Amino acid sequence: RLVYDKESKQPKGYAFCDFADPDAAMTAIKTLSDVECNGRRLRLDLADNALRSSGLRSLGGPASPLALPAPDMGPSAAI
């Protein structure tokens, strides 16, 4: 879900995505973090509520948002 400015109707530059399970979310973060898309680097983080609801903190996972490096998929990658 892209977030848009209410007045200008332009994208604010961030979005939210739902995943089927925590493993799918972690795979997306590992695969897409720091990848260039349309001339900009992507930064993927878990929302605070995702950390709480998935139990990642209680499983010894990170207590802060993640940003893991990923291979550059080039300018032709569509996301």
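Is Cys-17 buried or exposed? Cys-17 is exposed, with a relative accessible area of 54%. Here buried means under 20% relative accessible area, exposed over 50%, and partly exposed in between, with a 1.4 Å probe and protein chains only. Cys-37 is buried, at 15%. Taking a disulfide as a pair of cysteine sulfur atoms within 2.5 Å, the count is zero.

Some ground rules. This is a predicted model, where local features need pLDDT of at least 70, side-chain atom pairs count only at pLDDT 80 or more, and totals for chains, interfaces and linings use all residues. Residues are numbered from 1 along each chain as its sequence is written, and side-chain values use heavy atoms, with hydrogens and water left out.

Next, the loop between β1 (2-4) and β2 (11-15), where Asp-5 is found. Helices (H or I, at least four residues) and strands (E, at least two) are DSSP runs, numbered from the N terminus. Asp-5 is partly exposed, at 29% relative accessibility. Its side chain reaches the backbone nitrogen of Ser-8 at 2.7 Å. Setting aside neighbours within four places in sequence, Asp-5 is in contact (heavy atoms within 4.5 Å) with Gln-10 and Lys-12.

Last, helix α1, residues 22-32. Its buried residues are Ala-25, Met-26, Ala-28 and Ile-29. They lie on the same side of α1, because they cover an arc of only 160 degrees around the axis, taken from the directions from the helix axis to the C-beta atoms. Just after α1, Asp-34 has a positive phi of about 70 degrees.

How values were computed. A polar contact is a pair of N or O atoms within 3.5 Å; within protein, one must be able to donate a hydrogen and the other to accept it, and residues adjacent in sequence count only if both atoms are side-chain atoms.
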